[in-house]
Amino acid sequence: MAIIGLGFAKQNLHLFSLKKSQLLLLKLIAIILAALLFCEFLIYYVVIAQCNWPEVKATVHDGEKERLQPVLKAMFLADTHLLGEIRGHWLDKLRREWQMETAFQTALWLLQPEVVFILGDIFDEGKWSSSQAWADDVERFHRIFRHPRHVQLKVVAGNHDIGFHYQMDTYKVKRFEKVFNPERLFTWKGINFVMVNSVALEGDGCRICSKAEAELTGISHKLNCSREEQPDSLCVQGKQLPASAPILLQHFPLYRRSDAGCSGEDAAPPGERDLPFQERYDVLSREASQKLLWWLQPRLVLSGHTHSACEVLHGANTLEISVPSFSWRNRNNPSFIMGSVTATEYALSKCYLPLEHKVLATYTGAAVFLVTLILVHLELLPSPFHFGWNLLRKSKRK
């Protein structure tokens, strides 16, 4: 009988140990799935759901009456830098592109913009990628930034898409334009947007530069005609634009000495703000900037390239917003701009994406918890419950 009883005891002990192991496995799986679900999906909804479209004055006085203007909801983002085959490690690609895809799709679903503008440097290696690599990068872009038909997606070229001036050529420009079909002048709801290939504003008379300047002078003429109450015969010949000062969109910022006047949590780091900018490399030249402001007379300028935020006032009342990078690869705190725009007014607000270091901290915390559970199961670490209970008992005895 003693032998039979010992056998039953061993069997029960084995079953208990097996159940304990299964329970541990279930706990580990639950923690891993919870961490993945939160860090890869839920956190984007939690963070982006806090963003709201800014309110804009939509009424204007038309004689003695007030007239309601349509409001356009526009998203502005920049510098996605989709990695290529040369400098892009597969893990880096997977992590950064998943972040941008999830953030973009979440923003589309929660915020319902009508148009999205990407201000250049869509790709990281477009300036030197082969035909096959370019096709692969374009396919990934269309997957990541897919959008419903009622949402328009507009793109301007950046130096990483077609190269700096000395790298740019007709083949790269046409390759880019074939995919994105960029419009230099885009009008919707009575609002004029001018989208500039700022890489071509070198001012040295190159063929691509001359063509870009000719396009801009043509747009300038159309805008000037829209401002005239009694347009002349040359203006009447073409289609009349809405009488709305344009919003200028480009990759390079207009000329400024540095980011010394910039502030905010997503501005350039303090040690970099005083570094002088190089014309035609970090910013447009003085001459090109003055031409754009004089030709187009924009009411607002949005640019990218620096990967950091900045607000600059050109002249008396032309505000320029530098839009930070949309990718974790360039910033710990990427963001985009939300704009409520009418023909005469605009209001802007910034929407931040999840912070990369917080996501990594969450994964680290989950990993520490997993290791603790395993060590407790292997009895290499006392159970926190028993440890706390013993402390409580000792305190009561005292």
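The term covers values between buried, which is under 20%, and exposed, which is over 50%, for a 1.4 Å probe and protein chains only. Asp-124, by contrast, counts as buried, at 2% relative accessibility. The model is predicted: local features need a pLDDT of at least 70 and side-chain atom pairs a pLDDT of 80 or more, while totals for chains, interfaces and linings use all residues. Residues are numbered from 1 along each chain as its sequence is written, and side-chain values use heavy atoms, with hydrogens and water left out.

The side chains of Arg-329 and Asp-124 form a salt bridge, with 3.7 Å from N to O. This pair joins distant parts of the chain, 205 residues apart. Arg-329 lies in the loop between strand 11 (318–322) and strand 12 (335–341), and Asp-124 in the loop between strand 4 (115–119) and helix 3 (131–144). Helices (H or I, at least four residues) and strands (E, at least two) are DSSP runs, numbered from the N terminus.

## Further salt bridges

A salt bridge places a side-chain nitrogen of Lys or Arg within 4 Å of a carboxyl oxygen of Asp or Glu. By this rule, the structure has 21 salt bridges. Arg-329 and Asp-124 also belong to a network of salt bridges, together with Arg-87, Asp-92, Arg-96 and Glu-356.

Another salt bridge connects Arg-184 with Glu-177, whose closest N and O atoms are 3.1 Å apart. Glu-177 is partly exposed, with a relative accessible area of 26%. Arg-280 and Glu-202 meet through their side chains at 4.0 Å, N to O. They too link distant parts of the chain, 78 residues apart: Arg-280 is in the loop between helix 8 (270–273) and helix 9 (286–296), and Glu-202 in the loop between strand 7 (191–195) and helix 6 (207–227). Arg-280 is partly exposed, at 37% relative accessible area.

An open sheet of 5 strands has the order 5-4-3-12-13, with mixed pairing. Strand 5 (152–156) and strand 13 (346–352) each have a single partner strand, so one side of each lacks a neighbour in the sheet. On average, neighbouring strands are turned by 20° against each other, direction ignored. Axes are lines fitted to C-alpha atoms, for helices over the stretch in contact, and angles run from 0 to 180 degrees between N-to-C directions.

Two strands pair if DSSP finds at least two bridges between them. Strand 4 and strand 5 pair in the parallel sense over 5 bridges. Phe-117 has Lys-154 in strand 5 as its bridge partner.
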